[in-house]
Amino acid sequence: MSIRWMQRFAVVAFSVIECWCGAMYAEGDAAAWNASERFPIMSWELPPRTAEFADARHGLSSLAECGFTVAGFVRPEHLRECERLGLRAIVCPPKVPLKWEAMAEEEIDRRIHQLVDESRGSEAVMGYFITDEPGVRKYGKLAIAVAAVKRHAPGKLAYINLLPDYATLGAPDRSQLGTDSYSDYLERFVREVKPELISYDNYRVQFSDDLKKANLAASYYQNLLAVRRVSAVHGLPFWNIVSSNQIRPQTPAPSPANLLFQAYTILAAGARG
């Protein structure tokens with residue numbers, strides 16, 4: 001997604017969320033990355049497009065100007081600028097996605113150790129990007145990666161973003177989720193991967209033509225409540241990734257109205273970012 005496009009709308013959510021910051025981090029047992037941060041308003045971009053972060057006009061400085069508090073996902077060379085701007089950062093490998101499921105445990109540990117070492121010492125580092133939208137077949141190796149982050153970088157986040165509830169259901173080798181229900185997909189993630197956070201994306205607000213198609217719009221609420229329930233049961237914070245670009249030519253563009261709607265409903269459900 002274009003940073004220039006995100007610039008137009010980030011401040012909309014920021015104006016709503018800023019007043020929630022103190023209350024959202026009042027719990028005493030939060031992880032170090034979660035205990036003293038401002039409310040995470042994060043960009044979502046992976047290599048090679050993160051090269052744009054270095055752009056003088058449309059890079060990291062523009063994120064800070066628009067109210068973003070976390071830069072996702074940066075390389076180590078971006079960390080000094082994040083520090084200067086007061087941004088926290090989630091560091092990603094140089095090439096993504098990594099096929100963790102094809103690696104031996106020793107290789108996973110080596111990759112995580114390398115990622116931590118190349119960004120060690122920066123106060124901007126909030127955590128490390130692991131993967132996006134995995135099915136349950138990948139959970140075993142992801143658990144090893146998450147454990148490696150906890151071992152090599154105590155207090156830092158091992159970031160994984162999950163699929164929405166409209167991903168396909170079924171057998172692990174024949175569907176995206178690899179389960180018979182979305183609830184089972186979430187529960188197994190918590191049980192098997194042992195994450196410190198539940199993050200997911202759901203773009204049904206736009207796919208439903210700004211909620212005009214009720215059958216599609218329902219998924220937005222159902223997904224939010226499903227994640228909220230698992231989050232509450234297991235005592236984990238959750239984040240929702242909101243689209244800030246036009247997903248398809250036939251879908252509505254992000255607007256102050258649909259972004260505010262998502263910000264308010266996400267906050268009402270208890271999201272932490």
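The structure on display is a predicted model.

Six of them form an open sheet in the order 1-2-3-4-5-6, with parallel pairing. At the edges lie strand 1 (70-74) and strand 6 (238-241), each of which pairs on one side only. From one strand to the next, the twist averages 30°.

Next, select strand 4 (residues 157-162) together with strand 5 (residues 198-201). These two run parallel and are joined by two bridges. Within this area, L162 can be found opposite Y200 of strand 5.

**A residue in strand 3**

Move to strand 3 (residues 125-132) and select T131. Is T131 buried or exposed? With a relative accessible area of 7%, T131 is buried. Display its surroundings as well: leaving aside residues up to four places away in sequence, T131 touches W100, L142, Y159, I160 and N161.

**The salt bridges**

The model contains nine salt bridges. Select E118 and R75, whose side chains meet in one of them, at 2.9 Å from N to O. This pair links distant parts of the chain, 43 residues apart. E118 belongs to the loop between helix 6 (105-117) and strand 3, while R75 belongs to the loop between strand 1 and helix 5 (79-85). R75 has a relative accessible area of 12% and is therefore buried, whereas E118, at 32%, is partly exposed.

Continue to helix 5, where E81 and R84 both lie, three residues apart, or about one turn of the helix. Their side chains meet in a salt bridge of 2.7 Å, N to O. E81 counts as partly exposed at 29% relative accessibility, and R84 is exposed with a relative accessible area of 59%.

Then select R120 and D117, whose side chains also form a salt bridge, at 2.7 Å from N to O. How accessible is D117, and what does it count as? Its relative accessibility is 41%, so D117 counts as partly exposed. For the last stop, select E107, R110 and R111: salt bridges that share partners join these residues into one network.

Conventions: Residues are numbered from 1 along each chain as its sequence is written. This is a predicted model: local features need pLDDT of at least 70, side-chain atom pairs count only at pLDDT 80 or more; totals for chains, interfaces and linings use all residues. Side-chain values use heavy atoms; hydrogens and water are left out. Helices (H or I, at least four residues) and strands (E, at least two) are DSSP runs, numbered from the N terminus. Buried means under 20% relative accessible area, exposed over 50%, partly exposed in between (1.4 Å probe, protein chains only). Contact means heavy atoms within 4.5 Å. Two strands pair if DSSP finds at least two bridges between them. Axes are lines fitted to C-alpha atoms, for helices over the stretch in contact, and angles run from 0 to 180 degrees between N-to-C directions. A salt bridge is a side-chain nitrogen of Lys or Arg within 4 Å of a carboxyl oxygen of Asp or Glu.
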